[in-house]
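User: I would like to go through a structure with you. Could we begin with how the chains are arranged?
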Protein chains: 2
Amino acid sequence: MTEFIPPGSAFIDLPTPFPMRRGGALHGARVAYETWGTLDAARGNAVLILTGLSPDAHAAANPGNAAAGWWEAMVGPGGPIDSDCWFVVCINTLGSCKGSTGPASIEPATGEPYRLRFPELSIEDAADAAAAVVRALGIEQLACLIGNSMGGMTALALLLRHPDIARSHINISGAARALPFSIAIRSLQREAIRLDPAWNAGHYDEASYPESGMRMARKLGVITYRSALEWDGRFGRVRLDHSRQEQDRREDEDPFGLEFEVESYLEGHARRFVRRFDPNCYLYLSRCMDWFDLAESAGLPSSSDSDVAAALARIRVSRALAIGVRTDILFPLQQQQQIADGLRAGGSATDFLPLESPQGHDAFLVDIDRFGPGVGGFLAQL
Amino acid sequence: MTEFIPPGSAFIDLPTPFPMRRGGALHGARVAYETWGTLDAARGNAVLILTGLSPDAHAAANPGNAAAGWWEAMVGPGGPIDSDCWFVVCINTLGSCKGSTGPASIEPATGEPYRLRFPELSIEDAADAAAAVVRALGIEQLACLIGNSMGGMTALALLLRHPDIARSHINISGAARALPFSIAIRSLQREAIRLDPAWNAGHYDEASYPESGMRMARKLGVITYRSALEWDGRFGRVRLDHSRQEQDRREDEDPFGLEFEVESYLEGHARRFVRRFDPNCYLYLSRCMDWFDLAESAGLPSSSDSDVAAALARIRVSRALAIGVRTDILFPLQQQQQIADGLRAGGSATDFLPLESPQGHDAFLVDIDRFGPGVGGFLAQL
């Protein structure tokens, strides 16, 4: 139950109590955020970025924190999300462990971390928290709301629940509801954590930590964030150079140990992640994505395609852009097509931009050559 | 280390010692098989089926075992693989726990199960064992060699290493080499088993058994054996009916427990599998697929597309059929296209049959409406 708060974070206190959609309420909760650029006198140039499951609010270097951020090439002066023009805000999602209140945070009533006493988290709660940040910053209406992955879900909930909060919207590799393949993957990731005896029903600490479960969850995540196509070209059947590791003699090796480059790549990702994200927060954020269904959120009777379309059509923005990637297996391209079609049916001037990036769901983080012009071009026309 | 041998199995003793390609040799090893139909006087009507990772040799009901088999609708009198015409043989792969010698079998030298003392297993070893079965049954040349999934790899190795062993070949959802996405999935499945403390470096028993690891491995397998497209239609966002389970009150439930139908489906698959396949055998069979590369098997210098094509072109059969499924993410359709192209380049009259089955890699087990005519039509023209 460790929090990982970037230096230079700012915070907005949420209203107390902050009611949670599935029951319960938070007291003394807060949201961490960072900004780039300057809010103009009319307070009309704000762009809000909602992130995927794991990022913090540090999207890019800024005066408070010179370290490169997770979307460094996208956000900043002259960049596709140009902080010379826009007042850019990025928030750490409610439920995270990177500054905003979540299961790893201290519960005021007990002085102990919430752990599993944290109320059930929904995408709609994260959306309401984002709306509170916008209001607290004195912004009447965002020029643009940008949501990536889970943040794309949160953005749709925000637009539905808080009409007029944004004039335009960019939905990147998002979805209007969770579908069973992604639910299955996330269910297995949660099971890996929960099966680790060190998870201990959420009562782990630094000394006894569910490292194996987190490794498994992260590796499975990385497999589904990228694509087979990318890996064929990137790794092929290349073996690790064991001589570098002073393991010269093949016959001494574990036949089930790391042998292929792709196995070493997953291992590296797991090692970098395991101790840098709180396992309970991971469980809550993972489950809230499964629960998300914009049709249900809109009070419509089913999760049929037509009800999802009807929910999307209730959203009012003047312009919208939905971007997706053909190789994404976690938030497949049809889901961004569905978002574009639904927003257009609601009267928004909407573009759909299917990209040929080989990097799958993660492409928006790495394929800046394709995403930069897509996002930057849309913003430049506002 | 339990074996699961179907009643009515027959056995062929392998030559002793039976050398293994990656080093070591087996002594007193055997292969389990079953048959349907009658070998004709010219011994020219034999069809051999090589299976995927987990099936036994009981492909269908026969006089020795009236229970339905894993390919019941495909094999039998009047079926697509018609036992009124063909003498059909199915073998349990070397390295399995279902009758053929593998890590769960007793090592003659010690009287104990091999466990991890079993020599490293390769697809080529399984191919050589299959060749020994063919010879021992007095069959000079198979009318057709059929391989599914891992069995499609084994079939290619068998054709390359034992020229003239078959006049024709059907490769179903197979591959000429393992690619990094499938290696990554299998690596994670093995890691799940090996991380389970009960695995105990292979020294588990019934009382202390790596059940959690096997559950994870199986669930991940099932996710990759089917397709998102199938699950969207089959499960959507349907919830479990907890009232059936006398868990009426939502507020008492574990937020991370089974809630969606797709989660229950995975759980059911895991429960049925966990205690019915030996974990060490699973590890060996899983790893041998990663290692498989027909170009390397042919002694060619690289695993480039052109070397794989060259290896395939060395195979000599008069007719061939490669079948694949567009929704297969584990053995993607391009791999069956590669097999068809390579065999055709070697002079075989080869058909490529891409199917639109929604069921992914497992389609050959369940989509008999599509696979039956494909396989049956090819055999009828021989």
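User: What share of the interface residues of chain A are also interface residues in chain B?
Analyst: This is a predicted model. In it, 100% of the interface residues of chain A also belong to the interface in chain B, so the copies meet through the same surface.

User: Which rotation superposes chain A on chain B?
Analyst: A rotation of 180 degrees, with 0.0 Å of shift along its axis, gives an RMSD of 0.0 Å. That is the relation of a two-fold axis.

User: Turning to the core, which residues touch the most other members?
Analyst: The largest nonpolar core has 242 residues, and those touching the most other members are A:Val47, A:Leu48, A:Leu142, B:Val47, B:Leu48 and B:Leu142.

User: What does B:Leu142 touch?
Analyst: Leaving aside residues up to four places away in sequence, B:Leu142 touches B:Ala46, B:Val47, B:Leu48, B:Val134, B:Ile165, B:Ala166 and B:Arg167.

User: Now the helices. At what angle do helix 3 and helix 7 of chain A pack?
Analyst: Helix 3 (residues 180-195) and helix 7 (residues 279-291) of chain A pack at about 160 degrees, with their axes 10 Å apart. The two helices are therefore roughly antiparallel to each other. Contact residues include A:Ile183 and A:Arg186 of helix 3 and A:Tyr282 and A:Leu283 of helix 7.

User: Is their crossing left-handed or right-handed?
Analyst: The crossing of helix 3 and helix 7 of chain A is left-handed.

User: And how far apart are the axes of helix 1 and helix 2 of chain A?
Analyst: Their axes are 8 Å apart, and the packing angle is about 65 degrees. Helix 1 and helix 2 of chain A are therefore roughly perpendicular to each other, and their crossing is right-handed.

Terms used: Residues are numbered from 1 along each chain as its sequence is written. Chains are lettered from A and ligands numbered from 1 in the order in which they are written. This is a predicted model: local features need pLDDT of at least 70, side-chain atom pairs count only at pLDDT 80 or more; totals for chains, interfaces and linings use all residues. A nonpolar core is a set of buried Ala, Val, Leu, Ile, Met, Phe, Trp, Tyr and Cys residues joined through C-beta atoms within 7 Å. A residue is buried if 20 or more other C-beta atoms lie within 10 Å of its own, exposed if 12 or fewer, and partly exposed in between; C-beta atoms are placed from the backbone. Two residues are in contact if their C-beta atoms, placed from the backbone, lie within 7 Å. Copies are superposed by least squares on the C-alpha atoms of residues with pLDDT of at least 70 in both. Axes are lines fitted to C-alpha atoms, for helices over the stretch in contact, and angles run from 0 to 180 degrees between N-to-C directions. Helices (H or I, at least four residues) and strands (E, at least two) are DSSP runs, numbered from the N terminus. Angles under 35 degrees count as roughly parallel, over 145 as roughly antiparallel, 65 to 115 as roughly perpendicular and the rest as oblique. A crossing is left-handed if the near helix is turned anticlockwise from the far one by less than a right angle, and right-handed if clockwise.
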